[in-house]
Amino acid sequence: MKSVIRVRIGSHDAHYAGELVDGAKLLQLFGDVATELCIRADGDEGLFRAYDSVEFLKPVRAGDFIEAEGRIVGWGNTSLKMEFEARKVIAPAHGHSASAADLLAPPEVVCRARGTCVVPRESRRQPLAGGRPQPCILTAAIVGAETTRAQNPHLPLTAEELGADAARCVKAGATVIHLHARDEQGNASQDTERFRSAIRAIRKATRELGGVIIQTSTGGAVGMSVAERAGPLGCTGEDAPDMATLNVGTINFGDDVFMNKAADTVEMAQRIARHGAAPEVEVYDAGHLDIAAKLLKDKLLHAPLHLQFVLGVQGALSASERNLQFLVDRIPELGVECTWGVAGIGRHQMTMADLAITWGGNARVGLEDNIYLDKGVLAEGSAPLVARAAELCKQRGRKVATVAEARALFKLA
Ligand code: KMH
Ligand code: ZN
């Protein structure tokens, strides 16, 4: 959650020699930004309790335009942890006419701060639409189609291994298993029976832990036909997956092309609807949101819509904070109730998970997308990655969703 204000610093704000502005002016701007954040989160102006740090980095003078931005970075019961940045975006151009000014590109950061605001319990107005985030749904992508045992020897391949790894992920906090299957040679397979065995093994291994939501891939591996990719949808009745991915746009995928022609996406959406699984739309690039909007308009998708931003695939949208912000900001354009999550590829996995957790979204981690726990340290299965995401939830004050909560948030049957 963020708030931005932009103001011109007038001559009346200048306090020191050379039209220099008092640092307190910037703290006043941060105070206003913080107040908006409290209103957005809790419907009340709240109170600024303390600054943990304030750094004045550059002078501010009369005639400067200052943009002050604040974000909630931690969700306490009554406290909200915030980070602030003030940037100079326009400055008077000296040496020209008295009214000349320059746009600064890039803007100059003049002040950074961290602090805590409090909205007393009795003042909190809950629940507010777009206010405090819901519990965070952690998805474990435990195998994928591309990762190999040579890259990470802890990759689960057989049904039994998938079941055991899924159980470890559930213990670590995962409530959704994003599932692919492999054949005897370890190659990607969308064969119905292989998925059936894996689904049975996962359900058996996680039953005593409260179960898990199973989301089967209909993306499979590059080069597979639609009919082949739809294999997991042959699992019905007791073996039916709860969710299925829907890939809506073609992208470069490393040296390959991951083809998702419009007609194929329509067919897959129809197959998923006939099956009864809840679709999750995989968004690898900005235009995929536009395709999702068209699918909604054509009644091939329905609310609530589940969006998974997969960022950092080589050939698609990169995993940056700015790109994620852009995608998240565009969600309201869809005009329907949505849940959203992020899967960052490779070294971006935990950074993207942390942003999603901080901003109120959901996070996907696991060996499908990233094989390392730390730089140069292989993850021993996906559970350590899930555990780290759960730890981030704790640090950010987000509750990790239970299966029942995730089912309710996804509105699954
Ligand atoms: N293996 C990728 C080409 C999905 O699961 O739906 C596609 C993929 C997406 O993994
Ligand atoms: Zn996948």
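1. Let me start with a pairing: strands β4 and β7 (residues 101-118) run antiparallel and are joined by eight bridges. Two strands count as paired if DSSP finds at least two bridges between them, and helices (H or I, at least four residues) and strands (E, at least two) are DSSP runs numbered from the N terminus. Within this pair, Tyr51 has Gly115 of β7 as its bridge partner.

2. A word on conventions before going on. This is a predicted model, in which local features need pLDDT of at least 70 and side-chain atom pairs count only at pLDDT 80 or more, while totals for chains, interfaces and linings use all residues. Residues are numbered from 1 along each chain as its sequence is written, with chains lettered from A and ligands numbered from 1 in the order in which they are written.

3. Now the sheet as a whole. Five strands make up an open, antiparallel sheet, in the order β1-β5-β6-β7-β4. Its edge strands are β1 and β4 (47-56), each pairing on one side only. On average, neighbouring strands are turned by 25 degrees against each other, direction ignored. Helix α1 (residues 23-42) packs on this sheet and touches β1, β4, β5, β6 and β7, its direction making about 45 degrees with that of β5. Here axes are lines fitted to C-alpha atoms, for helices over the stretch in contact, and angles run from 0 to 180 degrees between N-to-C directions; residues are in contact if their C-beta atoms, placed from the backbone, lie within 7 Å.

4. Strand β1 (residues 2-8) is joined to β5 (residues 65-75) by seven bridges, antiparallel, and Ile5 stands opposite Ala68. With β6 (residues 79-92), β5 pairs over 10 bridges, also in the antiparallel sense, and Gly70 faces Phe84. β5 and β6 form a hairpin, with three residues between them.

5. On domains: the assignment, which is automatic or from a database, gives domain 1 (2-123) and domain 2 (138-410). Their C-alpha centres lie 38 Å apart. Four residues of domain 1 are in contact with four of domain 2. The domain 1 side of this contact has two nonpolar, two polar and no charged residues. By class, Ala, Val, Leu, Ile, Met, Phe, Trp, Tyr, Cys and Pro are nonpolar, Asp, Glu, Lys and Arg charged, and the others, Gly among them, polar.

6. Finally, the ligand. Of the 13 residues around ligand 1 (C-beta atom, placed from the backbone, within 6 Å), Ala145, Ser217, Gly219, Thr245 and Phe258 come nearest. This shell holds five nonpolar, six polar and two charged residues.

Terms used
Contact = placed C-beta atoms within 7 Å.
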